[in-house]
Amino acid sequence: MPLVNNKVGDDCTLGTDKALVDGKAQVDSLIKVVACYRHLASCVGGCTDSLQLRDELRQTREKALKLSVSICNHLTSHLRNKSLPEGQRKEMELLWVAFSSSLELLHVDMCKVFNISDIFSLANTDALVQTGLQGGGSEVAARALSLPDLNLAPNPTLPAGLESQERSTMEQEISQMDHMIDDMEMKVNVMRWMVESHGSQHAEVLSSSDSASLALLSVDEEQPGHQPPCQRSHIHVLVLLFAVVLVAATLSVCIIFFT
Amino acid sequence: MTIRNPLRDHGQRYRPRIACLKKAEKVLLEMQDLKTGVKSQPQRLVITTIPHAITGEDIIAWLADRFQVDTQEARSFGSMLVALGYIYPLQDHKRLVIKPDASLYRFQTPYFWPTQQWPVEDTDYAIYLAKRNIRKKGILEVHEQEHYNHLHKWMNHKWDFIVMQAKEQYRAAKERKKPDRVVFDCQERAYWVVHRPPPGTVSAMDYGLDRLIDPNADEAKTPDFYARIMIFTQQSIMRPRVKSSVSLGAVVKYCATYNNHDPFLSKCLPSNPWLTDDVTYWTLNMPYVEIPTKMRVERWTFSFAELLSDPRGRNDFRLFLKKEFSGENLAFWEGCEDLKWGEAATMREKAEHIYKTFLARGAPRWINIDGKTMEITVKGLKHPHRYVLDAAQTHIYMLMKKDSYGRYQKSPVFKETVKKAICPEEHHFTDAQLEQNAKKRRPSLSPIILRQMEQEQKAKMAANVDITQLCRFTTPVPHLAVYSGITDFPSANASPSLPFLAHSPACPSPISVALDSTSASERRVEAGEGEGEGNPAAQAPAGGNVSKSRMALSLHRLLKRGCTPATLFASLSPKCHSAAGTSSHIQPISPDQPSQALPRRIGNFFQIKVDIPPECRIYPIESEDEDEENRAASRGGVGAKEIICPWESLTPQNGTG
């Protein structure tokens with residue numbers, strides 16, 4: 001991420017520096033929330049779909065919307081400010097692009113959830129697809145909402161009106177997003193082709209503590225018949241090592257014996 | 001954000017309706033039912049077990065049971081479900097087929113279903129690839145790497161976002177429990193195998209072109225929308241209607257006629273190459289094969305169009321017409337086809353050539369069309385286009401169909417062909433032989449070679465064409481321009497003997513010299529029976545470009561010499577028994593040329609319905625100055641030596657070239 005280098009500046013630039021940092025932080029958290037929402041959305045319609053999941057979805061959605069409204073206002077006001085210096089403007093535009101892309105992703109996910117919950121109503125749990133998932137998305141939701149622990153009391157009963165109410169809320173939220181997106185495009189003209197990103201093509205590799213799941217994935221592929229060859233190679237190595245040790249031992253014995 | 005300006009947005013980005021998806025979804029919902037669906041079992045991995053895995057054989061058995069089909073079809077159906085992305089394989093994830101053994105599959109989560117209204121976004125793909133790259137560098141395959149680079153170039157403005165989103169998704173995934181993480185990874189991977197298949201694989205999501213409008217969106221009820229509906233209904237009312245008994249009768253007749261000839265509905269003799277990998281059928285049915293098969297010959301009797309569309313049939317018909325001395329009809333028809341389907345660059349020359357060869361007065365292979373059609377055609381040739389000869393072509397086609405076709409079917413040529421036609425034995429291959437055949441598969445001839453063969457054929461035919469339909473008063477001459485297409489103008493030595501040709505003692509027939517060098521027209525020698533003068537034939541190879549000035553010069557010379565005017569007969573070569581009546585030769589000579597060869601049958605042939613002044617030119621597309629020149633030259637009353645286009649007389653007055 002670009003460092004804010006302007007240490008010297010008048011109030012205006014200082015203000016916008018701070019605004020930049022602020023905006024950056026907000027956009028980052030929006031991206032995080034959108035990512036978590038996607039994970040949660042992928043569970044909808046599957047066997048782990050439940051009221052709790054829907055609730056989590058709703059909460060995540062609300063947070064995302066709140067964030068996006070505030071970022072929208074923030075960025076719009078700054079970008080419409082004609083007296084913004086060039087470097088700052090570029091940074092703002094980058095943020096703007098990131099923001100609008102996250103909004104798009106969120107919009108698509110919301111539409112998908114809306115449609116899937118149409119088909120898979122929670123009242124009929126038999127119809128939920130057996131996808132192989134076991135756990136819910138609580139941890140992901142917790143991450144999204146930045147809460148250390150998500151302790152929701154699951155709602156045992158399913159009031160008949162809840163689903164339709166939820167649906168109408170979703171519809172409203174989706175249309176609200178639509179309007180926001182349209183508004184954004186109207187108010188601020190950011191030319192996408194002029195925006196250059198900072199990052200390199202290949203992001204640095206994150207910690208490889210996830211190699212276990214990678215291994216799981218690859219083992220997944222192989223037939224069980226693959227196991228013996230691996231073990232056989234292990235045995236070969238061991239035998240070789242043993243032979244070397246043996247040779248070393250006999251040599252040392254010989255030396256001792258003959259000296 | 002995708003830049004969308006609804007007014008000027010002509011990008012096609014909506015997927016067309018793929019109707020099978022909804023049906024596949026229904027089937028899938030039934031399949032995954034715990035009680036009545038496919039039996040699931042847990043998948044045992046190294047450190048964990050994941051439930052809801054199903055085996056391939058179970059899927060196939062369930063499908064066969066549910067839809068009451070045999071296992072082969074159930075297997076294809078299952079493979080289709082996998083190819084569409086509703087079920088994904090756990091082992092060998094890149095091959096989207098159902099294996100009828102204990103290999104494991106799992107149902108895809110609805111979020112990743114390939115349903116209609118959610119297009120597959122490149123942004124998501126970029127995020128997915130970035131995620132995989134983050135997790136372990138170098139894990140991307142070659143085609144994925146290429147996509148990644150491409151996306152990096154095109155989505156550069158949001159690359160920061162993509163990388164950040166990839167990281168966040170990765171971190172969010174880590175929050176989940178391990179088995180769930182594995183499942184989600186498998187799901188996502190399967191989704192992208194379906195929607196971004198490796199190159200060279202056949203993808204079930206290959207749906208063709210994208211649509212301009214969203215087929216799932218409701219259409220806005222604007223005035224335009226209603227106007228469109230109104231136009232559609234009006235046209236529906238005006239559409240000509242046929243009684244269903246008539247149309248159904250036609251369908252039934254067609255089916256009954258072609259039933260035995262359809263390779264799907266009945267046996268294909270000797271064997272269907274697609275099934276048995278044995279190409280005898282194709283070699284026996286090559287376009288220009290010597291001995292056709294019985295089925296092929298039978299098809300020629302179904303309709304005239306069938307006969308003409310089969311190259312071998314057309315050859316046979318041409319042979320028959322040659323014997324009947326009416327080959328110019330077919331040649332004209334072929335010329336028109338050539339004009340219609342040929343290149344635009346050579347269209348003018350082709351049209352001109354056809355006119356000179358077939359349509360003009362005094363043309364060597366004059367065809368017989370009625371005056372009205374001739375008028376239309378000649379008028380159209382002023383500004384030639386592809387379909388200018390359409391009317392004449394249709395006329396000739398109907399003539400051939402009504403007249404010659406019937407006689408052809410009773411002719412000895414056809415009977416001979418029928419007798420010689422072969423009927424191959426059916427093959428009965430054993431399994432081992434089928435495998436052998438499969439191993440011996442070779443690619444067929446390249447289209448380039450086929451085209452060369454075709455052109456050789458054409459050239460051979462052109463060389464062989466014998467304009468023997470000269471009347472008994474004309475002598476066949478070499479250098480007869482045959483209509484054989486604009487590309488080859490062979491000085492085809494069609495007819496051998498020119499008994500009267502070489503005797504041009506004093507006047508070596510400057511016309512012939514002139515005409516030889518030009519491509520103005522073709523002449524026939526008017527060597528009357530009584531003429532001992534030995535008027536040499538004045539021939540000219542047809543086609544090509546005329547050097548008019550030379551023509552004019554030679555004409556002038558001729559006039560000066562005043563010799564052998566009798567040579568200047570642009571005579572005709574009608575078929576002797578054509579409807580035009582007696583064949584005669586044209587005598588477009590001006591009256592002040594007293595030659596004994598003044599034909600007995602002057603121009604009754606050409607005083608047909610075409611009322612064109614005799615001293616006209618024939619070149620339909622000419623330049624003005626050449627006209628002037630020629631006109632001046634011919635004002636000496638020589639008259640048209642070449643076949644001239646009738647409207648050219650207007651050109652000087654019109655002032656248009």
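Visitor: What pLDDT does chain A average in this predicted model?

Guide: Chain A averages 77, and 75% of the residues score at least 70. Two stretches call for care. Over residues 205-210 of chain A the pLDDT is below 50, yet the model gives that stretch 13 contacts beyond near neighbours in sequence. Residues 219-229 of chain A also fall below 50, again with 13 contacts beyond near neighbours in sequence.

Visitor: Fine. On to the interface: how do I read the area buried between chain A and chain B?

Guide: The size of an interface is often given as the accessible area lost when the parts come together. Here, chain A and chain B bury about 6800 Å² between them, with carbon and sulfur atoms giving 58% of that. In residue terms, 69 residues of chain A are in contact with 73 of chain B.

Visitor: And how many salt bridges cross the interface of chain A and chain B?

Guide: The rule finds four. One to look up is Glu168(B) with Arg143(A), whose side chains meet at 3.0 Å, N to O.

Visitor: Which helices of chain A supply at least two residues each to the side that touches chain B?

Guide: H1 (11-41), H3 (86-119), H4 (138-145), H5 (160-187) and H6 (211-221). H3(A) gives the most, with twelve residues.

Visitor: What's the make-up of that side by class?

Guide: On chain A, the side touching chain B has 30 nonpolar, 23 polar and 16 charged residues.

Conventions
Residues numbered from 1 in each chain as written. Chains lettered and ligands numbered in written order. Predicted model: local features only at pLDDT ≥ 70, side-chain atom pairs only at ≥ 80, totals over all residues. Heavy atoms only, no water. Contact = heavy atoms within 4.5 Å. Buried area = accessible area lost by both parts, 1.4 Å probe. Helix = DSSP H or I, 4+ residues; strand = E, 2+ residues; numbered from the N terminus. Nonpolar A, V, L, I, M, F, W, Y, C, P; charged D, E, K, R; others polar. pLDDT = per-residue confidence, 0-100.
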